[in-house]
Amino acid sequence: MTKENVQGAGEEEQQAQSKKALKKQQKEAEKAAKKAEKQAKLAAEQQEADEDDFAKDRYGICPMVQSQQKLDRALVRVQDLTPEKAEQQIWVRARIHTSRAKGKQCFLVLRHQQFTVQALLAVGDRASKQMVKFAANLTKESIIDVEAVVKKVEQKIESCSQQDVELHVERIFVISQSEARLPLQLEDAVRPEGEGDEEGRATVNQDTRLDNRVIDLRTTTSQAIFRLQSGVCQLFRDTLINKGFVEIQTPKIISAASEGGANVFTVSYFKTSAYLAQSPQLYKQMCICADFDKVFCVGPVFRAEDSNTHRHLTEFVGLDIEMAFNYHYHEVIDSITDTMVQIFKGLRDRLQTEIQTVNKQYPSEPFKFLEPTLRLEYKEAVAMLKAAGVEMGDEEDLSTPNEKLLGRLVKEKYDTDFYVLDKYPLAVRPFYTMPDPNNPKYSNSYDMFMRGEEILSGAQRIHDAQLLTERAMHHSIDLEKIKAYIDSFRYGAPPHAGGGIGLERVTMLYLGLHNVRQTSMFPRDPKRLTP
Amino acid sequence: MPMYKVKPVSPADIKIDLPTRMYKSPNIHAQGMNCGQHALQNGEVDPALKALEERQDEVLRRLYEIKATVDGLAKTVTTPDADLDASTLSRGPAESVFRGTADLDSLLGKDLGALRDIVINASPACPPLCLLVLHALLCQRYQVLSSVHVHSSVSAVPPPLLSCLGPRHIDSYARQRFQLGFTLIWKDVSELQMKFNTQSMCPIEGEANVARFLFRLLGGEPQDPVAATQMDCWIDTAVFQLSEGGSKERAAVLRSLNAALGRSEWLLGQEFSLADIVCACCVLRAGQTTSAPVNVQRWLKSCQNLGHFDCVYPLLQ
């Protein structure tokens, strides 16, 4: 290379360098300019902020409540905010459902369980700009204490449960802040399925709900469902206690699987293993033989069935009844159906608000029933199904689609969602079912249906040790395993019958929901063990 | 000599190479031609054809016979018999409403081994009195399983309505022992409704129509068409003018009832019928029976004496 070239190259390099340098300088200049702008802005804002925050002590984040002091403050529930309290200054503790800032105003919707109320914070002589900004930036689901004046509104606030009033906020403090990113949005969780698809808005699918159950249970619908479930349990207890029943508690860790070992969970029990009870059947009957006459028990039931259906859980709450009768097992059926009717009436009369709340998200037909309950015989059911075109044998068990069809036929003719089917064929029932005295092919057993799905299976039990042994042998059951069971009938046993229902399934069918996991707080199925 | 002759389309002596692997079947054309030609030439008829002709004659003869019989019957039906006095037709020996035959299988469909349950949905605000009377009559004739239910659409029903079908049958736990079911459901309905077989029957609406249906189960309809029409006429009068009409219409009906009852013991003559049941129930429901005309009062007393109306009186408050 010649010197000139080198020089030329050098010059070029220099030029290039200077070009680069120029560019770099330009960039730096830009950056500096931007920074300066930002700083200027911040300074301006700071000025604004410092500019007379006269409401500084009327808002803020409270230190964590460690029981530092015992305030004698009465907190009013959102549910009690009605026009009667107009112009009163009260304190409310609720969650922030939504917050929306609009210029100098901030609209908050405060929520407590199923009830919501609108709260307004406007820049004025009581609230400063900073306070409104603070309120607008609060995260959803945070728990806050608000002191406000209750004001009547002329136009009803349709979107809230408390439609006739709104709160004008004076003071606002955060008791427990929520993280900004929620795993699911509550409005989405309450949106009806159809609406979500139509308007392109999100709904939350079941798995997400169940994974974040704590938040999902806060929705108005969930609150209503579980309050109704609590009502079912309460009415069950009350009705039976009034009929003279005694509540018993039966053991859930048992030594032998009574109804065939296929569907039980095994647990290790010190040096051996034991099983989790599939049903309190055995112990209910022992109580009857122990002269308690009428017993019921409410407790968990464990079924190790690998059924992934809309109506099966591996653990659920069983409401079981067992009763000694005088001469005919229909005395027991009448008692059980009367209990169910009292439960339905109680729900219809006392928990109508909860039923309406659930219907908003999950619309369904109201539950209809007859009093006294309709009782059909198995033969009539077979005749009805045959008339509708189903081909089945007289002693065949009802398949699930046939049960649903039968439910629809009964609904069409009698207009009831709840009925009893009596006198099932003996071949499809467990070994301890008492056979029909007039026809050995049938048995004194019954099933009860709600909305075409089975909720209770019951029968008159064999209370004679001899006959029980015969029937067990007929079903090829190992007598050694059920020796204790048979022995309990050797020392005088009254004739008795009973049945059991699943709390979650009854609630689901009463409300017309479609999946039992919606009515179980923390459901257990073959694929789910947490939360 | 045949009149028309068609030139042969193909010469008869064409040599056709038949495949040897297939089975041979006899040449039908050759045979037929022979046979036909033979017959034509001899003037004889093919025996098969003869048999067919004979059969045809036989069938035609039978058809003529049947036609003659039908014509004869038509004559006897359409022209009045010279011996029968037409003026006495209305009071002809109509079959007694409660001694007539009624076949449940033909009226209600084949018995599939299950209880045939008649479901009636009625509003507790206006109890169907004539249906209660008919229920009492049905119980006399058949084994009826009666039950009363209250639907969830109604919150409470006064006790007399719960026991309006009488005490529970002792065998009511065994539904199969009964021929007929009568299920009365007190429900919030605008009009009375009856359902029987939802697959093949639509629901029947209206107290009068259900009454007619139940009356047929008693073998009750008068065979005589004039009497049947009169019965329907009285039922419609009772339902539309007596129950639903104004006070003037009601007074008019009571007057015509009075006139009819002046001529005979019951509305249709000598026999008690559905017309008496429906009219009596409507009169009783309208109230003020003490101010009714004389014959009407006498007739109401006779109804009461029959005993079928006992279930109605407790509900008349």
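**Exercise 1.** Is Glu170(A) buried or exposed, and what is its relative accessible area?

*Solution.* This is a predicted model, in which local features need pLDDT of at least 70, side-chain atom pairs count only at pLDDT 80 or more, and totals for chains, interfaces and linings use all residues. Residues are numbered from 1 along each chain as its sequence is written, chains are lettered from A and ligands numbered from 1 in the order in which they are written, and side-chain values use heavy atoms, with hydrogens and water left out. Buried means under 20% relative accessible area, exposed over 50%, and partly exposed in between (1.4 Å probe, protein chains only). Glu170(A) has a relative accessible area of 12%, and therefore counts as buried.

**Exercise 2.** Find the residue with which Arg126(A) forms a salt bridge.

*Solution.* A salt bridge is a side-chain nitrogen of Lys or Arg within 4 Å of a carboxyl oxygen of Asp or Glu. The partner of Arg126(A) is Glu170(A), with the closest N and O atoms 2.7 Å apart. This pair links distant parts of the chain, 44 residues apart. Arg126(A) itself is partly exposed, at 40% relative accessibility.

**Exercise 3.** Describe the salt bridge between Asp320(A) and Lys284(A) and the network it belongs to.

*Solution.* The two side chains meet at 3.3 Å, N to O. Both Asp320(A) and Lys284(A) are buried. Over all chains, the structure holds 41 salt bridges.

Technical notes:
Helices (H or I, at least four residues) and strands (E, at least two) are DSSP runs, numbered from the N terminus.
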